[in-house]
Amino acid sequence: MSAILLSKGPVVTPSAIQKNGPHYLRHVSKKQFMNAATKLHQMNLGILVNLTSAVFVKKTPVEAKLMEEHYTDLCTMDQYIDRYFQPLPRIISSYLREKLVAMGLMEKMLY
């Protein structure tokens, strides 16, 4: 679950972790991603949507701050903020970005 929270940008997909995550996490399967993303969704730390593939949209740092007691064992608030505002990996397609903006799940300025 920490791999999702510590991924670059506000949007995470299984392929983004496989391509851009730490080497020891690059073998994460889609099923493992879905299990972790579902748990984070249940903890109210993001939204899990299924568009062209499974997509986890992280809560904004302000929203995440309210839930901080749920994930302190996964990452610090400083780590979360730092990674949230990093540019999205190129593997997150422009189609997916525009779709999330249209759905109101992501701000255009974040990519």
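Which residues of helix H6 are buried? In this predicted model, the answer is Leu-96, Arg-97 and Leu-100, all within a helix that runs over residues 94–102. Let's look at that helix, then at helix H3, and then at the sheet that both of them touch.

**Helix H6**

- Looking down the axis of H6, you'd find the buried residues within an arc of 100°, so they line one face of the helix.
- Why can residues spaced out along a chain end up facing the same way? An α-helix has 3.6 residues a turn, so residues three or four places apart point the same way.
- What do the buried residues of H6 pack against? Their partners are the strands S1, S2 and S3.
- Just past the end of H6, Gly-104 has a positive phi of about 75°.

**Helix H3**

- H3 covers residues 30–42, which makes 13 residues. From first C-alpha to last, H3 reaches 18 Å, close to the 18 Å expected at 1.5 Å a residue.
- The buried residues here are Phe-33, Ala-36, Ala-37 and Leu-40.
- These four cover an arc of only 100° around the axis, which puts them on the same side of H3.
- Over on the other side of H3, Lys-31 and Gln-42 are exposed.
- The buried residues of H3 have quite a list of packing partners: helix H1 (2–5), helix H2 (14–20), and the strands S1 (11–12), S2 (46–50) and S3 (54–58).
- Just after H3 comes Asn-44, with a positive phi of about 65°.

**The sheet**

- How many strands form the open sheet? There are three, in the order S1-S3-S2, and their pairing is antiparallel.
- S1 and S2 stand at the edges with a single partner strand each, so one side of each has no neighbour in the sheet.
- Zoom in on S1 and S3, and you'll see them pair in the antiparallel sense over two bridges. For Val-11, the bridge partner in S3 is Val-57.
- H3 packs on this sheet and touches S1, S2 and S3. The direction of H3 makes about 135° with that of S2.

**Putting it together**

Technical notes
Residues numbered from 1 in each chain as written. Predicted model: local features only at pLDDT ≥ 70, side-chain atom pairs only at ≥ 80, totals over all residues. Heavy atoms only, no water. Expected span 1.5 Å × (residues − 1). Buried < 20%, exposed > 50% of the residue type's maximum accessible area, 1.4 Å probe, protein only. Arc of directions from axis to C-beta. Contact = heavy atoms within 4.5 Å. Pairing = 2+ DSSP bridges. Axes fitted to C-alpha atoms, helices over the stretch in contact; angles between N-to-C directions.
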